[in-house]
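Please look over the structure shown here before reading the report, keeping the sequence at hand for the residue numbers.

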Amino acid sequence: MIAGAAAYLPLLVSRTSVCTRLRDIQTYTALTNCLCNFLDEHTEQTSTTSSPILPKTRPVGEKKALAILNILLPENIHAAIEAGIVSRWLCKYPFPCALREPSRRQDVAILMKAWWADDAVMSSIFGTLTSHPDGIKQLRKHGLMGSMIEENDQDDDEDDEDGDDDDADSDVWMVDGEDTAGAYPESSPRRHRESNAAEQALRRRRREAMVLSEGGRPLGRADIIQRPVQE
């Protein structure tokens with residue numbers, strides 16, 4: 001019944017006409033239940049698009065439910081989170097990048113920004129969640145977004161090695177390129193660089209610093225004391 005109602009709700013709501021009664025916890029709980037029910041319907045291929053974020057098995061009804069969520073989510077993000085929009089639904093969603101090996105599950109939020117054109121509605125939903133502190137906390141808690149340290153470590157992995165920008169271990173995926181790239185993921189698999197715990201700890205120590213200043217003047221290099229690094 002809830003899933004069937006998804007076909008009609010887009011006609012009743014818009015960003016300028018969402019009434020107060022559609023912003024309560026009951027509404028978000030019902031919508032979350034609806035989306036969770038669609039998870040079991042990801043069985044038949046409905047799309048041929050090769051994408052790290054868009055599953056080829058999205059049911060037609062789910063598209064309408066996503067459109068509703070995209071409209072309602074900004075109205076009360078806290079209620080949506082409390083209803084389990086991340087903990088009950090998104091954490092179980094079959095994102096292609098999360099199902100492949102090696103899994104890029106913790107990069108889902110980042111890939112939503114890079115590949116937004118593949119799934120504009122879902123990308124918009126993630127954009128709304130990442131604009132709210134509680135949304136970011138939930139995405140990180142449930143493994144759909146890396147921690148700040150992990151994100152910085154990933155940046156270090158891409159930028160170190162003496163600035164070698166033709167390194168084949170880059171985290172960039174190219175689409176419709178020639179010779180060196182192709183459509184995700186079959187013709188241009190990402191070569192994943194593993195960093196052990198010792199290397200990560202070393203990078204973190206390099207970033208640690210103490211700033212000492214008595215105030216009244218601009219900070220200078222002499223005011224910054226970095227922690228000694230033992231190689």
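The model is a predicted one, and its chain has 12 helices and two strands. Read from the N terminus, the order of these elements is α-α-α-α-α-α-α-α-α-α-α-α-β-β. Of the 231 residues in the chain, 37% count as buried, and the chain exposes about 14000 Å², of which carbon and sulfur atoms supply 52%. Among the contacts between residues at least 6 apart in sequence, 66% join residues that are at least 24 apart.

The confidence of the prediction should be kept in mind when the model is read. Averaged over the chain, the pLDDT is 75, with 55% of the residues scoring at least 70.

| Stretch | pLDDT | Contacts beyond near neighbours in sequence |
|---|---|---|
| Residues 1–8 | under 50 | 11 contacts, beyond four places in sequence |
| Residues 157–195 | below 50 | 50 contacts, beyond near neighbours in sequence |

Where pLDDT is low, the predicted coordinates should not be read in detail.

Helix α10 covers residues 133–141, and in this helix Gly135, Gln138 and Leu139 are buried. Why can these buried residues be said to line one face of α10? Seen down the axis of the helix, the buried residues of α10 fall within an arc of 100°, and so they line one face. On the other side of α10, Pro133, Lys137 and Lys141 are exposed. The cover over the buried residues of α10 includes α5 (77–83), α6 (85–89) and α9 (120–129). After α10 comes Gly143, which has a positive phi, near 75°.

Thr27 belongs to helix α3, which spans residues 25–39. Is Thr27 buried or exposed? Thr27 has a relative accessibility of 16%, and because buried means under 20% relative accessible area, Thr27 counts as buried. When residues up to four places away in sequence are left out of the count, Thr27 touches Arg21, Leu22 and Leu72.

Key: Residues numbered from 1 in each chain as written. Predicted model: local features only at pLDDT ≥ 70, side-chain atom pairs only at ≥ 80, totals over all residues. Heavy atoms only, no water. Helix = DSSP H or I, 4+ residues; strand = E, 2+ residues; numbered from the N terminus. Buried < 20%, exposed > 50% of the residue type's maximum accessible area, 1.4 Å probe, protein only. Contact = heavy atoms within 4.5 Å. Arc of directions from axis to C-beta. Areas by Shrake-Rupley, 256 points an atom, 1.4 Å probe, with all protein chains shown as cover. pLDDT = per-residue confidence, 0-100.
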